[in-house]
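Please read the points alongside the sequence and the model.

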Amino acid sequence: MTVSIIPVTTLFEEVSRYHPNPDLKILEEAYNFALKAHDGQVRASGEPYINHLIETALLVCKLKLDIPSVVAGLLHDSIEDCNTTKKSLSEKFGEDIAEIVDGVTKLTRVQFDSREEKQAESFRKMLIAMAKDIRVVLVKLCDRLHNMRTLSSLSEEKRRAIALETKEIYAPLANRLGIHWIKSELEDLCLLHLRPEIYHHLVAELERTNPDREIFLKETADEIQKKLEDSGVSAQVLGRVKHISSIFSKMEKDSLSFEEVMDVIGFRVLVSSVRACYETLGIIHSNFKPIPGRVKDYIAMPKPNMYQSLHTTVISSRGARVEVQIRTADMNRIAEEGIAAHWRYKEGGSSLGFDLGWVKDLVETQAYLKNPDEFIQSVKGELFPEDVFVFTPKGDLFRLPSNSTPIDFAYTIHTDVGHQTIGARVNGSIVPLEHRLSNGDTVQIITQRGHVPSKDWLRFVVSGKARQRIRAFLKTEEQARSISLGSDILAKDLRKVKLSLKKLEKEGKIKTIAESMGLKAEADLYAAIGYGKVSSPKVVAKLLPSEPGVEQKLTEVESSPLQRIFQRAAKASRDRVGIKVSGLDDVLVRFAKCCEPLPGDRIVGFITRGRGVTIHASHCSEILNADPLRYIPVQWDSEIARPRRVSIVVTSQDQLGILAKMTTAITSNGINIVSASMKTSPSGKAVNQFELEVSDAKQLDGLKRSLELLPGVIKVDRIVGGEK
């Protein structure tokens, strides 16, 4: 079936709906340019590629953005997929449009070691462009939304990879910018491609219960409307069903079945003024029983994305729990459109009066974070939507991420204040440094000159700035200790062959050896020796090339019966775990208990003094907190296939025969069950724990999906934990 190209008139019509005087000429030029540049290109579905560009531009129109943004939507792939340069775009369409297109363009022409590194660097580039012009990310979100709508033609592996990236980065980004309709649709599409069986199950359940729900929605909306009218408040009451992904999040968070999710239905009450919002809240509470602790005032304390509304949860007259949101029409527009709602009302700047301080913080932090996993983790943390508001004793207001501690607050004030923190008072009382701050707290930091941060702080701080500053300090300290240790070890070995380290430094020979080993300076060589990456006898042998066997002699001097036992154990450990360690022989290898990586996971080795090399998953928070100079390249040995033991917990309904179905699913995936246990609760839930032997991460992933398909299974979690 041939798919026709969307005509330019469709774009003209959409732009003209909201723009008072659109430049249709430049739109037509951009349309024809894209048509020519992408001539003959088709998508995986067989549809002309140009349609994706037009659909992206139409989504930009839905955000009601300016003409340069719509043009950028049409041209957003012209640099990436065609022989077009930023310079040529600038000459033809202007610098403004060229900058947006360049900001959206991925780094396809640069070679990276992994997909994760490429993803991190592409997002890093977009983030910097976004700080200069927010339109970059708005166009990117439209591009991503259309890509998510058309994922079905791709392979399952590609669909899952794109959906996972969207779930972790782009949906939270849309939420942070307050664009609710994009955020909700992206989340639903992510669920469709990552957990299709759950998505279709929820769709079927919603359809099954729809007739009763429609009646309930109308009756309750009418009841609320009448109560407000009787009290003299003019309002519009809208009933709605929550998005599928929102329902599933509630089920997963609280281990609930669909039937147990109480607040699937919500009501939105639109009134004329802020005063009417608070008056409406009082009327609703006087007519419906409120749930304690569920009132939230986002009018007095707006969210960072400018969202304002009053939230409450009440018991309806039919006994159902419902959420009610109360806001003005302007608040409702901002709640749906976020930053885009400000675009047509503000002039002369890309920030549009919108709070984008978090973007600037990310741009500042990213300069320090070269590790792609560490950078992406930092981004995810900053995209987390919930914040707390706290005050200094002088009454200055600070916004911090949810669950922040006094240490996070101290680093928000200044890096030196953070480093020198020894205590804190919250609301006048001394609290532990790991104390979680709440909205409205007054925080006073107690400092001491010369005090330095502790590694333990990394266990509880949550802000990206605090984590980065603490890590940077600790890495500098660790490197200094390793340089001192390494120089002492080398000096000791040199004395055994009657050489002086200081004399060799003056002669420049140590620097020459360092450079020959790919290191920049003597300090890097000493650090490598101190970390255990480079053997001191090997360095001595390079300094004495005329004396063959000196490395072996020095090694034998150091060797002892105990060390020889260690070396044999080290070889056995590498053979047992199936790991190859780059450049190191006779070293103990063990898996980190904090992440317990499986074959197929991306991994990194960490040199631990006296305990060999510990293998971590590359995204593990413990390894990201560690000194990167102690990382060492490692890889799975494909010739050694050893089953790994893992533990999983399956939360399910307490149903007859469900345990048998689980064990059948496990064995059907070719997995051996080492042990199993089951506990039930009075609420009708069952917690089933299995210890299994799996061959790799892919097999475990397949098992989790098989278990999630079973009727009555609520969620499946892998158990990991322990020390690094």
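1. A residue is called buried when its relative accessible area is under 20%, exposed when over 50%, and partly exposed in between (1.4 Å probe, protein chains only). This is a predicted model, in which local features need pLDDT of at least 70 and side-chain atom pairs count only at pLDDT 80 or more, while totals for chains, interfaces and linings use all residues. Residues are numbered from 1 along each chain as its sequence is written, and side-chain values use heavy atoms, with hydrogens and water left out.

2. Thr312 counts as buried because its relative accessibility is 1%. This residue is found in strand β5 (residues 310-315); strands (E, at least two residues) and helices (H or I, at least four) are DSSP runs numbered from the N terminus. Leaving aside neighbours within four places in sequence, Thr312 is in contact with Leu281, His285, Arg294, Val295, Val322, Glu323 and Val324, where contact means heavy atoms within 4.5 Å. Thr312 and Arg294 lie 18 residues apart in sequence, with their C-alpha atoms 5.5 Å apart in space.

3. On the chain as a whole, the model has 31 helices and 21 strands. Of the 724 residues, 48% are buried. Among contacts between residues at least 6 apart in sequence, 66% join residues at least 24 apart. The accessible surface comes to about 34800 Å², of which carbon and sulfur atoms hold 51%; accessible areas come from the Shrake-Rupley method with a 1.4 Å probe, and for residues only the protein chains shown count as cover.

4. Two packed helices are described by the angle between their axes and the distance between the axes. Axes are lines fitted to C-alpha atoms, for helices over the stretch in contact, and angles run from 0 to 180 degrees between N-to-C directions. The axes of helix α3 (residues 49-62) and helix α9 (residues 135-149) come within 9 Å and cross at roughly 125°. The two helices are therefore oblique to each other, since angles under 35 degrees count as roughly parallel, over 145 as roughly antiparallel, 65 to 115 as roughly perpendicular and the rest as oblique. In this contact, His52, Glu55, Thr56, Leu59 and Val60 of α3 meet Val139, Cys142, Asp143, Leu145, His146, Asn147 and Arg149 of α9.

5. Helix α1 (residues 8-18) and helix α2 (residues 24-37) have axes that come within 10 Å and cross at roughly 145°. Val8, Leu11, Phe12 and Val15 in α1 meet Leu24, Leu27, Glu28 and Tyr31 in α2. The residues of this contact divide into seven nonpolar, no polar and one charged; Ala, Val, Leu, Ile, Met, Phe, Trp, Tyr, Cys and Pro count as nonpolar, Asp, Glu, Lys and Arg as charged, and the others, Gly among them, as polar.

6. Cys190 is found in helix α11 (residues 180-194) and counts as buried, at 3% relative accessibility. Residues up to four places away in sequence not counted, Cys190 touches Met148, Ala163, Thr166, Lys167 and Arg195.

7. Most residues other than glycine have a negative phi. Asn403, however, has a positive phi near 70°; Asn403 is found in the loop between β8 (397-401) and α20 (406-413) and is partly exposed, with a relative accessible area of 43%. Asn427 has a positive phi of about 55°. The loop between β9 (421-426) and β10 (429-431) holds Asn427, which is partly exposed at 49% relative accessible area.
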